[in-house]
Amino acid sequence: MKNVEVMKEREARELIRREKQLQSRSNRFYMLYLFMVLSLIYIIDEIASTISIQFQSNIINEFFVQNMGMEYGEGLSLSSALGFITYPVTLLIVFYRPLADRFGRKPFLVINTFMMGLGLFLVYLSDNIIVYMVGGTLMGFMVSHDMQCVYILECSSEKNRARNYALIKAVAILGTLLIPLLRETLMQNQSERWHLVYLVPAILGFVLSLAALLFAKETNTFLVNRVKYLKTSPEDREKQTRDEKNSNAQGGIINAVKFAFKHRQLRFLMLACCLFYSASLATATYNTVMKEAALMTEEAITLALYFYPLGNALMTFAAGLVSDRFGRKITIIAMSCSAVLCYGTFIASSMLDWTPVLTGFAIGGFMGSYWGAGDTIGGIMFSESSPTNLRSSVTVINTLLNGIIGGLATIVTIVLLPLIPKETFGYMYLGLTIPGLIGAILIIWKFVGETRGLDLKKVTGAEWDKTNNRRAK
């Protein structure tokens with residue numbers, strides 16, 4: 001009884017605080033500077049996501065070829081294998097991310113941004129593979145949470161959700177022009193100076209975490225749901241049926257998994273994600289293809305990377321426009337087809353020594369297309385198919401599937417890389433990309449319901465179950 005009374009007192013205090021937050025009036029310019037802060041945070045997220053990919057050949061050559069005397073293919077294979085050491089840390093996401101469904105979005109927006117900056121700073125300081133892996137693991141863990149995406153989706157109207165998401169992400173991608181700019185200025189296109197490029201985004205990460213702390217407010221979507229939950233007494237919660245308890249659970253990966261497997265929409269979204277993420281290897285290896293397979297110089301790679309964000313941002317924004325105009329399913333199909341076309345163009349341009357401008361634009365187009373489809377499946381559709389109280393927790397499933405399927409695909413390349421010539425790396429990645437995208441397209445088209453225009457405050461997850469029940473009758 002004492003524990004129940006303590007819980008009631010704690011929740012009563014929280015209810016007062018949450019109601020004050022909900023009733024507080026925002027400055028009329030609040031949404032403008034919130035989206036500005038989110039855009040800047042998204043830039044750090046995009047840099048943290050891509051910077052190690054864009055310096056992959058420099059990292060492999062320093063830590064494995066020079067320090068350990070390996071061939072490049074062996075070093076890349078060992079680097080991929082060492083990545084599995086970090087998996088136990090990555091799995092902590094199942095405990096960490098659902099906390100946002102209990103404690104709110106803002107604390108984790110601040111923490112994640114600060115820790116991304118810290119990870120970047122550790123890589124800047126790294127003089128051995130261990131320090132590099134600690135910094136890289138920290139970046140990877142925080143990047144996977146995408147709390148700025150949750151903010152964007154929950155602060156946007158039903159009609160403009162995908163457009164706002166794509167617009168802010170496109171701006172963030174254009175912000176990664178900072179990387180080639182720093183390659184040319186701080187790094188001066190000298191391979192051994194690659195560490196310096198990490199310093200500036202690290203500092204920006206620290207500054208933006210402070211900006212989020214000072215200027216960002218909790219999302220209304222979370223506050224409305226949380227207040228509703230807190231106004232329900234513990235006794236009334238106990239009287240709820242099992243289905244009601246699952247629907248009203250305030251986060252948690254176990255609750256999220258139970259909920260996802262129970263509902264048709266999320267079951268098939270998970271299957272589509274498994275197939276889609278089997279094609280993800282091509283997103284993390286384009287620097288190796290340019291440097292080791294196509295033998296491009298550092299200057300040519302830097303020029304290509306100036307056009308990489310342009311192609312990426314263009315296709316990312318196009319995905320958002322198509323999504324809000326024609327629906328999520330059409331977007332996934334169109335962007336998946338575009339991804340195959342763009343990656344084929346990238347391979348041809350780099351291997352046939354056309355021009356770094358086209359090479360960079362094509363691989364950027366591939367990344368924008370691939371993740372435009374991926375964000376629609378695992379980000380937007382997962383979120384739009386889940387109730388508010390489980391939304392952040394359910395998206396953990398998407399992140400776990402990305403890690404698990406990506407890990408299985410990595411095992412394949414660990415075996416293949418030492419056995420095949422460097423010149424064929426690009427063709428191998430292209431061959432591993434196509435089957436997964438085709439499978440995901442078929443699942444989405446046939447078995448997943450459209451989610452465009454749904455009110456996120458009213459989604460229960462059972463909408464598509466009811467539709468199918470009526471059809472069955």
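A disulfide is taken here as a pair of cysteine sulfur atoms within 2.5 Å. The model is a predicted one, and a search of the whole structure by that criterion finds 0 disulfides.

**Cysteines**

- For Cys 274, the closest cysteine sulfur belongs to Cys 273 and lies 7.2 Å away, which is too far for a bond because a disulfide requires the two sulfur atoms to be within 2.5 Å.
- Cys 274 has a relative accessibility of 24%, so this residue counts as partly exposed.
- For Cys 337, the closest cysteine sulfur is that of Cys 342, at 11 Å, and this separation is likewise too far for a bond.
- Cys 337 also counts as partly exposed, in this case because its relative accessibility is 46%.

**Ser 77**

- Ser 77 is found in helix 4, which covers residues 72–82, and this serine is buried, with a relative accessible area of 7%.
- When residues up to four places away in sequence are not counted, Ser 77 touches Ile 414, Leu 417 and Pro 418.

**Helix 12 with helix 20**

- Helix 12 (residues 178–185) packs against helix 20 (residues 298–326) at an angle of about 150 degrees, and the axes of the two helices are 8 Å apart.
- Because of that angle, helix 12 is roughly antiparallel to helix 20, and the crossing in which helix 12 passes helix 20 is left-handed.
- On the side of helix 12, Pro 180, Leu 181, Arg 183 and Glu 184 take part, and they meet Glu 298, Ile 301, Thr 302, Leu 305 and Tyr 306 of helix 20.
- Sorted by class, the contact of helix 12 with helix 20 has 5 nonpolar, 1 polar and 3 charged residues.

**Helix 17 with helix 23**

- Helix 17 (residues 253–262) and helix 23 (residues 388–416) pack with their axes 8 Å apart and at an angle of about 80 degrees, so helix 17 and helix 23 are roughly perpendicular to each other.
- Helix 17 brings Ile 253, Asn 255, Ala 256, Val 257, Phe 259 and Ala 260 to the contact, while helix 23 contributes Leu 390, Ser 393, Val 394, Val 396, Ile 397 and Leu 400.
- By class, the contact of helix 17 with helix 23 has 10 nonpolar and 2 polar residues, and no charged residues.

Note on methods. Residues numbered from 1 in each chain as written. Predicted model: local features only at pLDDT ≥ 70, side-chain atom pairs only at ≥ 80, totals over all residues. Heavy atoms only, no water. Axes fitted to C-alpha atoms, helices over the stretch in contact; angles between N-to-C directions. Helix = DSSP H or I, 4+ residues; strand = E, 2+ residues; numbered from the N terminus. Parallel < 35°, antiparallel > 145°, perpendicular 65-115°, else oblique. Left-handed = near helix turned anticlockwise from the far one by under 90°. Contact = heavy atoms within 4.5 Å. Nonpolar A, V, L, I, M, F, W, Y, C, P; charged D, E, K, R; others polar. Buried < 20%, exposed > 50% of the residue type's maximum accessible area, 1.4 Å probe, protein only.
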